[in-house]
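Subject: Handing over the two-chain structure

Hello,

Here is the structure I promised to pass on. Please open it first, then read the notes below.

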Amino acid sequence: MFLQLQQIKKSFGKGDNRVEVLKGIDLAVEKGEFCVLLGPSGSGKSTLLNILGGIDRADSGDILIGGERMADMNEKALTLYRRRHLGYIFQMYNLIPNLTVRENIEVGAYLSRRALDVDELLHVLGLWEHRSKLPNQLSGGQQQRTSIGRAIVKNPDILLCDEPTGALDYKTGKEILTLIETVNQKYGNTVIMVTHNDAIRLMADRVVKLRDGQIRSNTLNASKVSARDLEW
Amino acid sequence: MKSPLNKRLLRELRSEMGKYAVIAILLVATIGFVSGFLVADFSMIAAYNEGFEKYHIEDGHFRVESALNRAQAKALTAAGVTLYDLHYREASLKNGSTLRIYPNRTQVNTVCLMQGALPAAATEIAIDRMYADNNSLTIGDTLTAASGESWTVTGFVALPDYSCLFSDNSDAMFDAVKFGVAVMAPDGYAALQEPQTWNYAWVYDTKPGSEAEQKDAAEDFMKVVNKAVSLQDFVPAYENQAITFTGEDMGSDRSMMIALLYIIIVIMAFVFAVTTVNTIAKESSVIGTLRALGYTRGELVRHYMAMPVLVTLISAAVGNLLGYTFLKDICAGMYYGSYSLPTYETRWNADAFWMTTAVPVALMIFINWFVLARTLRLPPLQFLRHDLSRRSGRKRALPLPKLLPFFTRFRIRVILQNLGSYAVLFIGILFANLLLSFGLMLPDALNHYSETIADNMLCSTQTLLQIPYSAMNEDKKLNALVSMMLFRMETETDENHAEPFSAYTLQTLSAQEGGIANSESVMLYGVEPDSRYVALPGNGIYISAAYAEKYRVAAGDTVTLREKYEDTQYSLSVDGVYDYMGAIAIFMPRETLNQIFDLGTGYYGGYFSDAPLTEIDEKYIGSVIDYDALTKISRQLTVSMGSMMGLVNGFAIMIFVVVVYLLGKMVIEKNAQSISMAKILGYNGGEIARLYLLSTTAVVLLCLAVSLPIEVYIMQLLFRAIILESMTGWISLWVSPTLYPRMMAAGIISYAAVAILEYRRIRRVPMDEALKNVE
């Protein structure tokens with residue numbers, strides 16, 4: 001297995017205010033797999049993604065990525081791990097306002113020794129015409145495409161997506177999902193996507209349903225539906 | 001691949017031009033001025049030091065009653081010196097000043113022509129450049145003596161033996177306003193009506209090296225001179241204040257200027273750091289994302305530090321360029337305003353470059369690194385959540401009483417939100433006002449000194465008698481006795497209520513000897529029992545109020561003084577303080593003084609009188625202390641530092657405006673979304689300004705009010721330290737009752753200008769700001 005989570009636990013607060021967000025998560029994901037973490041608000045899916053991304057720490061449990069044990073990593077090593085292996089896409093685009101589309105993507109390329117060709121990626125993302133625009137000249141969908149470009153240009157082993165369509169309308173949301181699907185197929189990155197949109201599970205290889213900090217189901221899709229054909 | 005984040009820098013510079021421009025202007029002005037000062041200082045010191053050889057400066061001079069005859073000259077030169085005529089005549093001018101006129105010099109203390117031409121005709125004269133400046137004289141002007149003679153000024157000169165215009169070596173301060181030197185062509189000089197003073201300069205055939213050797217050589221030569229002639233005055237070059245004072249004083253401001261530079265850089269570094277922390281807060285999600293993508297903390301710290309360092313580097317480069325060209329001349333002008341120095345050549349000064357470029361950049365890097373590394377230490381998740389608080393758990397709002405009106409509570413919240421920025425604002429205002437207080441208080445203190453001295457003089461004229469050197473010649477005891485008798489007879493007078501007093505001069509102990517300042521002369525007065533002029537409360541020993549204040553001595557203390565060139569020390573128990581601010585002096589009954597110093601019963605060394613004494617021959621008068629002499633210090637300081645005070649005040653206001661502008665701007669930018677939302681809710685521009693602008697206004701007023709007493713306290717410490725370090729005598733720091741109102745007014749007017757800009761900024765915040773994506 002490329003990615004293995006064993007008994008991941010996490011809680012917030014102290015004493016009476018203590019809330020257990022993850023209550024012993026076990027999960028394994030294959031390399032190149034498209035995994036969707038589904039669940040309502042407060043189910044712990046974003047916390048799990050943050051722990052996977054090395055921007056939050058589990059209270060206990062083990063995470064193994066490509067044989068490396070995350071618990072052994074100090075802050076410096078975690079940064080290096082993120083730099084080498086991870087791409088992140090958030091619901092908010094978090095683009096740098098005074099850099100152009102191309103430059104925002106280069107911000108990601110700078111971090112990688114095996115970065116993808118930026119021009120080619122701009123074409124794949126459908127941003128070639130907009131490459132010299134600043135974020136405030138773009139629509140929400142174009143901004144999210146740019147943030148996907150920034151994450152994917154590193155050619156990361158794992159692409160972590162936290163509600164990437166949460167702030168987008170139906171049509172744009174579908175475009176973004178199509179793009180992530182294309183990226184997954186073209187570059188072979190493992191994709192882990194957090195969403196509360198039940199329809200998205202249809203395009204995944206693996207669907208993990210979370211509720212109340214626990215995995216309620218972990219299933220493999222026998223037949224996937226293309227993002228283009230999703231309806232919600 | 002270079003970091004693509006670097007591409008932000010130029011765009012950031014363009015979009016925040018106002019902010020960076022004001023910081024850069026302040027840095028360029030500071031660095032440029034200090035760089036110019038250091039270059040001018042270095043070049044001037046080099047010119048001064050090289051002047052000794054270039055202008056063939058004397059090793060000393062002595063004054064005699066009449067011209068040396070051949071035998072006397074031969075006897076003196078046999079001691080291993082070359083003698084040069086350095087005679088002069090002193091003319092009292094109609095403008096109230098005294099001009100010491102020499103025939104043009106070609107062998108020793110040669111003349112540096114600064115402007116115009118040397119005199120050729122008998123009615124032409126070249127005068128000291130600084131004396132000309134201080135008396136607004138230009139080439140072509142006519143000088144008229146009280147005797148009626150008049151001369152045309154053909155040029156301005158610097159005489160190397162008068163780089164500092166001390167008319168008398170015993171003076172506490174030089175006087176470039178009422179005393180000047182000049183040269184004339186030999187014919188013109190010979191035609192002068194004023195009596196000639198027979199003055200000779202000497203130069204050793206073999207130069208003594210160390211200070212001790214110089215002293216030994218001078219003492220040996222004085223014995224030879226004293227044996228051959230009747231001496232009136234004997235001044236070796238190392239003791240001649242007109243030659244040495246400039247060299248000792250130059251360079252003393254250097255550390256103050258460098259400290260000023262570094263304080264301003266530190267303040268600006270903190271202003272930069274605070275504004276950058278604000279930018280980090282604004283870009284919190286971007287930073288969180290970048291950290292999540294794998295950007296290291298170091299990369300981000302370097303990125304956010306780049307702009308302060310870049311602005312400092314550019315400012316340092318421009319500042320140094322200005323320093324080496326334009327500002328250097330202004331700074332040299334300040335020296336030329338105090339000293340009569342020869343022309344100088346600009347010297348490259350590596351120290352100045354390092355101190356005004358490398359050190360400011362290093363300070364900027366260190367302070368920004370310290371603040372930013374701390375801010376960026378937070379985990380990426382906290383940035384993504386816009387939670388930049390270092391405390392764990394959610395920050396709770398400080399409970400405010402509901403009794404307070406809503407607007408007041410709102411303003412308090414704004415102040416609490418910006419406490420860090422306001423702390424930097426306070427430091428900035430404190431420093432700016434410290435400079436301003438210096439600029440306002442020094443002229444006040446000097447004016448007050450001049451005014452109070454007039455009411456506080458012992459008498460209108462103190463005449464100090466000078467025993468002829470012939471009366472002290474131990475090798476010719478009979479002659480000495482006759483001279484002394486003659487001196488006694490010819491100096492007895494009772495004109496203008498003249499009252500004799502005995503006088504003795506001792507030195508305070510230097511810091512090396514256990515004192516608190518440089519060694520200086522203390523005049524000990526022995527006064528008549530029922531003196532008309534000095535009414536001592538008893539028969540004990542009383543120190544002047546100036547002495548008590550400078551050395552912090554009170555009744556019951558003991559003061560220790562020593563002989564000038566000897567190790568003999570005297571410890572005197574102080575019985576009280578006599579209200580006299582004109583000099584560092586000690587008063588006691590005449591008999592007591594004569595007894596302590598074994599001067600003999602009936603000895604006296606001078607007269608107090610209501611008017612100048614005219615009956616005593618001038619050759620027996622050592623010096624006259626009148627109002628002009630007592631206010632020489634304040635007059636000269638006013639002239640030499642007056643022009644600088646305007647500059648200091650301007651600089652102080654500039655720092656104040658820059659700091660208030662930047663931090664006020666930051667408070668508004670930080671709250672742009674809330675301001676926008678308030679506009680959407682229907683608050684008008686005035687109401688919003690009352691919420692956000694009045695918070696800063698209240699803080700600025702509070703900072704001004706709180707900082708004023710602190711500044712006065714610091715100024716008192718600084719002023720005391722400066723006076724102790726740099727001058728003899730004492731001027732107390734007088735705080736004018738109008739100081740606080742003036743400083744408050746300067747602060748409020750400067751702030752009003754900034755507030756108008758900030759008000760316009762608030763009005764320009766668009767309503768859609770609140771609807772934008774936070775990032």
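In which strand of chain A is the place of A:Ile63? A:Ile63 sits in strand S4 of chain A. Keep in mind throughout that this is a predicted model.

**Around A:Ile63**

Start with this residue. A:Ile63 counts as buried, because it has 20 C-beta neighbours inside 10 Å and a residue is called buried at 20 or more. Setting aside neighbours within four places in sequence, A:Ile63 is in contact with A:Leu5, A:Ile8, A:Leu52 and A:Met70. A:Glu106 is 43 residues away from A:Ile63 in sequence, and their C-alpha atoms are 30 Å apart.

Now the strand itself. S4(A) covers residues 60–65 and pairs with S5(A) in the antiparallel sense, over two bridges. A:Leu64 stands opposite A:Arg69 of S5(A). Both strands belong to an open sheet of four, in the order S2-S1-S4-S5 of chain A, with antiparallel pairing. S2 (19–29) and S5 (68–69) of chain A are the edge strands; each has a single partner, so one side of each is left without a neighbour in the sheet. In a regular strand, side chains alternate between the two faces of the sheet.

**A hairpin further along chain A**

Look next at S9(A), residues 206–211, and S10(A), residues 214–220. They pair in the antiparallel sense over six bridges. The two strands make a hairpin with two residues between them. In the turn, A:Asp212 has a positive phi of about 55 degrees. A:Arg211 has A:Gln214 of S10(A) as its bridge partner.

**Two helices to compare**

H3(A) comes first. Nine of its nine residues are buried, so H3(A) is largely enclosed by the rest of the structure. The buried residues include charged ones by name: A:Arg102, A:Glu103 and A:Glu106 are among them. The cover over H3(A) comes from both chains. It includes H4 and H5 of chain A, along with helix H1 (7–15) and helix H9 (284–293) of chain B.

H4(A) spans residues 118–125. Which of its residues are buried? They are A:Leu121, A:Leu122, A:Val124 and A:Leu125. These cover an arc of only 160 degrees around the axis, which puts them on the same side of H4(A). The face turned away from that buried side carries the exposed residues A:Asp119, A:Glu120 and A:His123. On the buried side, the packing is against H3, helix H5 (140–152) and helix H6 (170–187) of chain A. Just after H4(A), A:Gly126 takes a positive phi of about 70 degrees.

**Where the chains meet**

How many residues of chain A are in contact with chain B? There are 23, and they touch 22 residues of chain B. On the chain A side, the elements that give two or more residues are helix H2 (75–85), strand S6 (86–89) and helix H3 (101–109). H3(A) gives the most, with four residues. By class, the chain A side has twelve nonpolar, six polar and five charged residues.

**The nonpolar cores**

The largest nonpolar core holds 261 residues. Within it, A:Leu37 and B:Val659 touch the most other members. Leaving out residues up to four places away in sequence, A:Leu37 touches A:Lys45, A:Leu48, A:Leu49, A:Ile192, A:Met193, A:Val194, A:Val208 and A:Leu210. Apart from this core lies another, of 14 residues, including B:Phe62, B:Val108, B:Ala217 and B:Val225.

**Chain B as a whole**

Chain B has 775 residues, of which 41% are buried. Its secondary structure comes to 22 helices and 21 strands. The C-alpha trace of chain B spans about 105 × 60 × 45 Å along its principal axes. Of the contacts in chain B with a separation of 6 or more, 84% join residues 24 or more positions apart.

The domain assignment divides chain B as follows:

- Domain 1: 1–55 + 247–390
- Domain 2: 66–229
- Domain 3: 405–458 + 628–775
- Domain 4: 461–625

The C-alpha centres of domains 1 and 2 of chain B lie 47 Å apart. Nine residues of domain 1 are in contact with 13 residues of domain 2. The domain 1 side of that contact has six nonpolar, three polar and no charged residues.

Over to you.

Best wishes

Definitions and conventions. Residues are numbered from 1 along each chain as its sequence is written. Chains are lettered from A and ligands numbered from 1 in the order in which they are written. This is a predicted model: local features need pLDDT of at least 70, side-chain atom pairs count only at pLDDT 80 or more; totals for chains, interfaces and linings use all residues. Domain bounds come from an automatic or database domain assignment. Two residues are in contact if their C-beta atoms, placed from the backbone, lie within 7 Å. Two strands pair if DSSP finds at least two bridges between them. A nonpolar core is a set of buried Ala, Val, Leu, Ile, Met, Phe, Trp, Tyr and Cys residues joined through C-beta atoms within 7 Å. A residue is buried if 20 or more other C-beta atoms lie within 10 Å of its own, exposed if 12 or fewer, and partly exposed in between; C-beta atoms are placed from the backbone. The arc is that of the directions from the helix axis to the C-beta atoms.
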